[in-house]
Amino acid sequence: MPLRTGTTRPISVLLATALAAATLTGCALLELARDCEGTDDRVKEMATLDILDSRPGGAAVARGFEEVDAGCWADSGDVVVYAERTYTFPGTQAEVTAHYRTEAVRDGWNPDLEALPGDLCFTREGMALSVVFLTAERLAEDGHGSRPDLTTGAGYSVGIDSYVNSGAEAGC
């Protein structure tokens, strides 16, 4: 009894396509994971940098952000390790800016001369430090929803990132 190719051909093509897609996607995911291999110590080191715990008087670690967010991501050959801390502050953005301009320099960070006006960014030893003020829109984009405690006063995050093995300069 001969097989009817009219029914098996579309199924064969479908299975071959699914197998190829799974293989390619799996390889891509494995490649991304492999790119971050060996970065654990660097991530831990960045998460303990003193500047992440520095904050103006009255600032508090934001609810839900009690731990330093630190890790590694890889994209198109670039591997970046990062560490970030989020704070609430009842004061003004100007007070936060003054604090970090003083404390970052005291901690050995250099103002990034190529940063855009109004950006609070510093560099040190292949790392970039930035202070970003939070808005409802930015929080929604990052999946944190509406957080009035972070959008009243001067809610902000302090983040450090560094390229690994790519030769790219840290900057803002």
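Author: Helices here are DSSP runs of H or I with at least four residues, numbered from the N terminus. The model is predicted.

Take helix α3, residues 93–106. Its length checks out: at 1.5 Å a residue, its 14 residues should span 20 Å, and the end C-alpha atoms are 20 Å apart, so the two agree.

Now its sides. V96, T97, H99, Y100 and A104 are the buried residues of α3. Their arc around the axis is only 165°, so they sit on the same side of the helix. The face turned away from that buried side carries A94 and R106, both exposed.

What does the buried side of α3 pack against? Its buried residues meet four strands: β3 (78–88), β5 (120–124), β6 (127–133) and β7 (156–163).

Y100 is linked by ring pairs with Y87, F133 and Y156. The structure holds 3 aromatic pairs.

Next, a look into one of those strands. S157 lies in β7. Its relative accessibility is 6%, and buried means under 20%, so S157 counts as buried. Setting aside neighbours within four places in sequence, S157 contacts E84, R85 and T86, along with S130, V131, V132 and L134.

Last, the end of the helix. Just after α3, G108 takes a positive phi of about 95°.

Definitions and conventions
Residues numbered from 1 in each chain as written. Predicted model: local features only at pLDDT ≥ 70, side-chain atom pairs only at ≥ 80, totals over all residues. Heavy atoms only, no water. Helix = DSSP H or I, 4+ residues; strand = E, 2+ residues; numbered from the N terminus. Expected span 1.5 Å × (residues − 1). Buried < 20%, exposed > 50% of the residue type's maximum accessible area, 1.4 Å probe, protein only. Arc of directions from axis to C-beta. Contact = heavy atoms within 4.5 Å. Phe/Tyr/Trp six-rings, centres within 6.5 Å; stacked < 30°, edge-to-face > 60°.
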